[in-house]
Amino acid sequence: MVRARDTSPESFGWNIVDLKPNPKAVLYPLSWGILPIVFALIMMITRTGEEWIAWSGAIGIILFLIGGVSAVGPRQGAFNSIRIASGFFFCILALFAWVLVATNNLIEVYAMLSSMLALLMIYRSLDFIFKDIGLIYQISWDAKKQMPTSSMEGWDIRSTRFTQNTMALKRFDGDRFAQIYGSRTTEGLVLRLDIFGIHEGNRFDFRTLGIDLSDFTNEDE
């Protein structure tokens, strides 16, 4: 019987990588982004400084986006997560709503409601990222070497050649997925195996990857 821990990538020469986002770089823009939204709400209620309402609301949403980008930056392909992509979608929708307010094509209250929804959705996205335990592994790779696909069952193969975009993706239940992508590091080119959506207190059975990780060992062929 093969135990789950015996199929860990580290057993096949892969090294674990720590790519956790920096909380300060994420939370500062998000918290500061709430202030312009509050100012916009106050100006709406008091009907003072009305010419600045749209600007204030838009600045708040832009700060939400900056915080979100800081969170997903270290995790290549994080937008493959529906929950994360939806957070950014609603932020962009809210930003567009404030543009419509500035051009007198939308009532302010709708832009404010969209901003509240954007805040809720981006918070859910960031919470999903920060709870991830960071199962990320890498192995040295040659750009001329083809990614072995013969043992990859249930994977969506997007490229067998080295690229810094998603080369292969496999989805599990509950918005969890595994992906393989290339990356340039100070030590050279590497392939990364990123298993996303596994939260604290949970374990991942590497047997569900449906892949023979020994095929990726960087040996002369």
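The questions below go from the whole chain to helix packing and then to the aromatic rings.

This is a predicted model, where local features need pLDDT of at least 70, side-chain atom pairs count only at pLDDT 80 or more, and totals for chains, interfaces and linings use all residues. Residues are numbered from 1 along each chain as its sequence is written, and side-chain values use heavy atoms, with hydrogens and water left out.

Q: How many helices and strands are in the protein chain, and what counts as one?
A: The protein chain has four helices and six strands. Both are DSSP runs numbered from the N terminus: helices are H or I with at least four residues, strands E with at least two. Starting at the N terminus, the order is β-α-α-α-α-β-β-β-β-β.

Q: How does the radius of gyration of the protein chain compare with that of a compact globule?
A: The protein chain has 21 Å, whereas a compact globule of 221 residues would be near 17 Å. The radius is taken over C-alpha atoms, and the globule rule is 2.2 Å times the number of residues to the power 0.38. Along the principal axes, the C-alpha atoms fill a box of roughly 70 × 35 × 30 Å.

Q: What makes helix 2 roughly parallel to helix 4?
A: The axes of helix 2 (residues 53–72) and helix 4 (residues 108–130) cross at roughly 15 degrees and come within 11 Å. Axes are lines fitted to C-alpha atoms, for helices over the stretch in contact, and angles run from 0 to 180 degrees between N-to-C directions. Under 35 degrees counts as roughly parallel, over 145 as roughly antiparallel, 65 to 115 as roughly perpendicular and the rest as oblique. Helix 2 is therefore roughly parallel to helix 4.

Q: Which classes of residue make the contact of helix 2 with helix 4?
A: The contact (heavy atoms within 4.5 Å) has 10 nonpolar, three polar and one charged residues. Ala, Val, Leu, Ile, Met, Phe, Trp, Tyr, Cys and Pro count as nonpolar, Asp, Glu, Lys and Arg as charged, and the others, Gly among them, as polar. Among the contact residues are Phe 64 and Gly 67 of helix 2 and Leu 119 of helix 4.

Q: Why is helix 1 called roughly antiparallel to helix 4?
A: Helix 1 (residues 23–46) packs on helix 4 at about 165 degrees, with axes 11 Å apart. That angle makes the pair roughly antiparallel. Their contact divides into 15 nonpolar, one polar and one charged.

Q: Why are helix 3 and helix 4 roughly antiparallel?
A: Helix 3 (residues 82–102) and helix 4 pack at about 160 degrees, with axes 8 Å apart. They are therefore roughly antiparallel to each other.

Q: Which residues form one aromatic cluster?
A: Tyr 137, Phe 172, Phe 204 and Phe 206 do. Rings of Phe, Tyr and Trp (its six-membered ring) pair if their centres lie within 6.5 Å; planes under 30 degrees apart count as stacked, over 60 as edge-to-face and the rest as tilted. The whole structure has nine aromatic pairs.
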